[in-house]
Amino acid sequence: MRINKRLAAFALVGVTLATLTACGRADAGPAEGGGAEDISDGPATGSLTVWAMGAEGENLDELTKTFEEQNPDVDVEVTAVPWGSAHDKFIAAIASGTTPDVAQVGTTWMGEFAGLNALDPVPAQIDDSVFFEGANATNLVDGVSYGVPWYVETRVVFYRTDIAEAAGITEPPTDWDGLHDMAAAMKTQPGVDWGISLQPGGTGSWQTLLPFMWQAGGDITNDALTEFTFDSPENADALSYYQSFFTDGLADSAPTEGTTEADFVDGRVPMFISGPWMIGSVEALGGEGFADKYGVAVMPSAQKEASFVGGSNLGVFSNTKNRDAAWKLVQFLTEEETQASWFDIVGDLPSVKGAWTTDALKSDGKLAVFGTQLETAKAPPSITTWEQIATSLDAQVEAVTKTGSDPAEALRAVQQEATSIGFGGE
């Protein structure tokens, strides 16, 4: 059944997305406005090599066969690349001039690859307005788009509806006070140890914290990407709010790794924030009927609505010998019908907004929440040094949640280190 394939696929996608921690930005590359040549109107011809990772690499042949049927004179060879070695493989290929024609590219790798002059700017025929704005922004480097979103994910609130109702809560929270109050109310219920699961620092905790900063009206850089803004009052408010879940005893500052799904199913921790892959994980673990015991909701808002956007992009490498066919394949993979088929095959959420009108997505209430959240989801800017800066932020989040460090002082430390590290490419 399609629903079972989707549940299994989401678990695989979760592993895939957890690896997207590469970074990138440099000042090299074409001037603002691109300069990309047009692509022809005729069918694709010649041969193409494509690299893709994870479940995408293992299943992409199902789509490229259709592309070959539509373009009889083209031949597409797909190579599945393990996520763990993908970044190093790309860098080695860029250095040696042996890159594929088309590839799946992690959203936080775009600036790095563009800075190495490895990616071809997107042709004008590809309409970027069809994509979710936050996902599309991950392809922009110095005002030039070097790829298109292939699939997307974002973070929402998962909560046990049965435990919430027992605590007197019948509607999901819509603001910060509501989320905190809901965690406190559910913690009073029998068998509940903690009201919510939040990352107490450590690798990747910035992905959970940044949405709260954006919700508070803060950001990590100015719009011109010339200054860091970690130490703003808005960001301090967000980190203080995040800290409150730990100081008020609602979130565990030393959780056992890898137990989020089990704790949720057992009811020990009836709320967490995560992405669509968790649908498959918790329903597979909870068994028949568990889908009726939980719900998902968009992230609570403060000054504005926001969440984190991830996923993967599609890029054409600049040394391709068949640029015209390469971009035609990208066009095909981002058509509404193709995106809907890809969801059925792998479970990846479409990056093209129009594909969300299909019955498979419209009829799934939980997935519809992700579609709503994607309208206000965003990502950090593509800067070469982001991985180093994110490590600093993760360390300060840990100090705030585990030792009670002052949030404003912690962010001043991040600001100082980020300013010292710089934006890269300078």
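**Close-up views**

**View A. Arg160 is buried, at 7% relative accessibility.** Buried stands for under 20% relative accessible area, exposed for over 50% and partly exposed for what lies in between (1.4 Å probe, protein chains only). The model is predicted: local features need pLDDT of at least 70 and side-chain atom pairs count only at pLDDT 80 or more, while totals for chains, interfaces and linings use all residues. Residues are numbered from 1 along each chain as its sequence is written, and side-chain values use heavy atoms, with hydrogens and water left out. The side chain of Arg160 forms a salt bridge with that of Asp162, at 2.8 Å from N to O. A salt bridge here is a side-chain nitrogen of Lys or Arg within 4 Å of a carboxyl oxygen of Asp or Glu. Asp162 belongs to helix α7 (residues 161-166). Helices (H or I, at least four residues) and strands (E, at least two) are DSSP runs, numbered from the N terminus. With a relative accessible area of 28%, Asp162 is partly exposed. Between the C-alpha atoms of Asp162 and Gly201 there are 29 Å, for a separation of 39 residues along the chain.

**View B. A salt bridge links Asp120 and Arg323.** The closest N and O atoms of Asp120 and Arg323 are 2.7 Å apart. Asp120 sits in the loop between α5 (110-115) and α6 (133-137), and Arg323 in helix α13 (residues 323-333), so the pair ties together parts that are 203 residues apart in sequence. Asp120 and Arg323 are both buried. The structure has 8 salt bridges.

**View C. Asp263, Asp266 and Arg268 form one network of salt bridges that share partners.** Within this group, the side chains of Arg268 and Asp263 come to 2.6 Å, N to O. Arg268 has a relative accessible area of 30% and is partly exposed. Asp263 is buried, at 14%.

**View D. Helix α9 (residues 206-215) packs with helix α17 (residues 386-403).** Two packed helices are described by the angle between their axes and the distance between the axes. For α9 and α17 the angle is about 85 degrees and the axes are 10 Å apart. That makes α9 roughly perpendicular to α17, the term for angles of 65 to 115 degrees. Axes are lines fitted to C-alpha atoms over the stretch in contact, and angles run from 0 to 180 degrees between N-to-C directions. From α9, Trp206, Leu209, Leu210 and Met213 meet Trp386, Ala390, Leu393, Asp394 and Val397 of α17, where contact means heavy atoms within 4.5 Å. By class, this contact of α9 with α17 has 8 nonpolar, no polar and 1 charged residues. Nonpolar covers Ala, Val, Leu, Ile, Met, Phe, Trp, Tyr, Cys and Pro, charged covers Asp, Glu, Lys and Arg, and the others, Gly among them, count as polar.

**View E. Glu153 in strand β6 (residues 148-154).** Glu153 is buried, at 2% relative accessibility. The side chains of Glu153 and Arg155 make a polar contact of 2.9 Å. A polar contact is a pair of N or O atoms within 3.5 Å; within protein, one must be able to donate a hydrogen and the other to accept it, and residues adjacent in sequence count only if both atoms are side-chain atoms.

**View F. Ser129 in the loop between α5 and α6.** A relative accessible area of 45% makes Ser129 partly exposed. Its side chain is joined to that of Asp127 by a polar contact of 2.7 Å. Ser129 and Val352 are 8.9 Å apart in space, C-alpha to C-alpha, and 223 residues apart in sequence.

Note on methods. Angles under 35 degrees count as roughly parallel, over 145 as roughly antiparallel, 65 to 115 as roughly perpendicular and the rest as oblique.
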